[in-house]
Amino acid sequence: MLMDLSTCGWDGGLVRALGVGAAEGALPTIVSCAEEIGRVDGGPLHGAPLTGMIGDQQAAMVGQRCFGVGEAKITYGTGA
């Protein structure tokens, strides 16, 4: 809702209009879902790249193992 689709960045006008202007500097950088956004810092996966982020609706499908043709999952919540 706050993303400017033409720039793939936060729309400063909308951020301010919706009252989150004070937090504008705290919003994360918008990146491609296929882009490396960092690396694990510690533990057994230390140094592993963090990539391929998915939203809650898509993650719910993976979590419920909806991998077959014709399978569906309806998740009510933030994206409903």
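**Entry 1. Ground rules**

I call a residue buried under 20% relative accessible area, exposed over 50%, and partly exposed in between, with a 1.4 Å probe and protein chains only. I am reading a predicted model, where local features need pLDDT of at least 70, side-chain atom pairs count only at pLDDT 80 or more, and totals for chains, interfaces and linings use all residues. Residues are numbered from 1 along each chain as its sequence is written, and side-chain values use heavy atoms, with hydrogens and water left out.

**Entry 2. The chain as a whole**

I looked up the secondary structure. Helices (H or I, at least four residues) and strands (E, at least two) are DSSP runs, numbered from the N terminus. The protein chain has two helices and four strands. Along the sequence they come in the pattern β-β-α-β-β-α.

I then looked up burial. The protein chain has 80 residues, and 8% of them count as buried. Its accessible surface is about 6,200 Å². Carbon and sulfur atoms hold 60% of that surface. Such areas come from the Shrake-Rupley method with a 1.4 Å probe; for residues, only the protein chains shown count as cover.

Contacts came next. A contact means heavy atoms within 4.5 Å. Of the contacts in the protein chain with a separation of 6 or more, 2% join residues 24 or more positions apart.

Where is Leu 18 placed? I found Leu 18 in the loop between helix H1 (12-17) and strand E3 (38-39). Leu 18 is partly exposed, because its relative accessible area is 47%.

Leu 18 belongs to a nonpolar surface patch with Met 1, Leu 14 and Val 20. Together these residues have about 400 Å² of accessible area. I noted the patch rule: residues need over 30% relative accessible area and no salt bridge; like charges are joined within 9 Å, and nonpolar side chains (Val, Leu, Ile, Met, Phe, Trp, Tyr) within 5 Å.

**Entry 3. Asp 11**

I moved to the loop between strand E2 (9-10) and H1, where Asp 11 sits. Asp 11 is partly exposed, because its relative accessibility is 24%. Which residues does Asp 11 contact, leaving aside its neighbours within four places in sequence? They are Leu 2 and Asp 4. I also checked Met 1, ten residues away from Asp 11 along the chain. The C-alpha atoms of Asp 11 and Met 1 are 9.0 Å apart.

The Asp 11 side chain reaches the backbone nitrogen of Gly 13 at 3.0 Å. I list this as a polar contact, a pair of N or O atoms within 3.5 Å; within protein, one must be able to donate a hydrogen and the other to accept it, and residues adjacent in sequence count only if both atoms are side-chain atoms.

**Entry 4. Salt bridges**

I used this rule: a side-chain nitrogen of Lys or Arg within 4 Å of a carboxyl oxygen of Asp or Glu. How many salt bridges does it give? The count is one. Arg 39 pairs with Glu 36, and their closest N and O atoms are 3.1 Å apart. Arg 39 is partly exposed at 48% relative accessible area. Glu 36 is partly exposed too, at 41%.

**Entry 5. Gly 38**

I found Gly 38 in strand E3. Its relative accessible area is 23%, so Gly 38 is partly exposed. Not counting residues up to four places away in sequence, Gly 38 touches Ala 48, Pro 49 and Leu 50. Gly 38 and Thr 51 are 13 residues apart in sequence, with 7.7 Å between their C-alpha atoms.

**Entry 6. Cysteines**

A disulfide is a covalent bond between the sulfur atoms of two cysteines. My cut-off for the pair of sulfur atoms is within 2.5 Å. The structure holds zero disulfides.

Is Cys 66 buried or exposed? Cys 66 is buried, at 16% relative accessibility. Cys 8 is partly exposed at 44%. Cys 8 lies in the loop between strand E1 (3-4) and E2. Phi of Cys 8 is positive, near 55°, and the residue is not a glycine.

**Entry 7. After the helix H2**

I looked up Arg 65 in the segment after helix H2 (56-63). Arg 65 is not a glycine either, and its phi is positive at about 60°. Arg 65 is exposed, with 65% relative accessible area.

Ala 72 is also in the segment after H2. Ala 72 is exposed at 67%. From Ala 72 to Met 61 I noted eleven residues in sequence and 7.6 Å in space, C-alpha to C-alpha.
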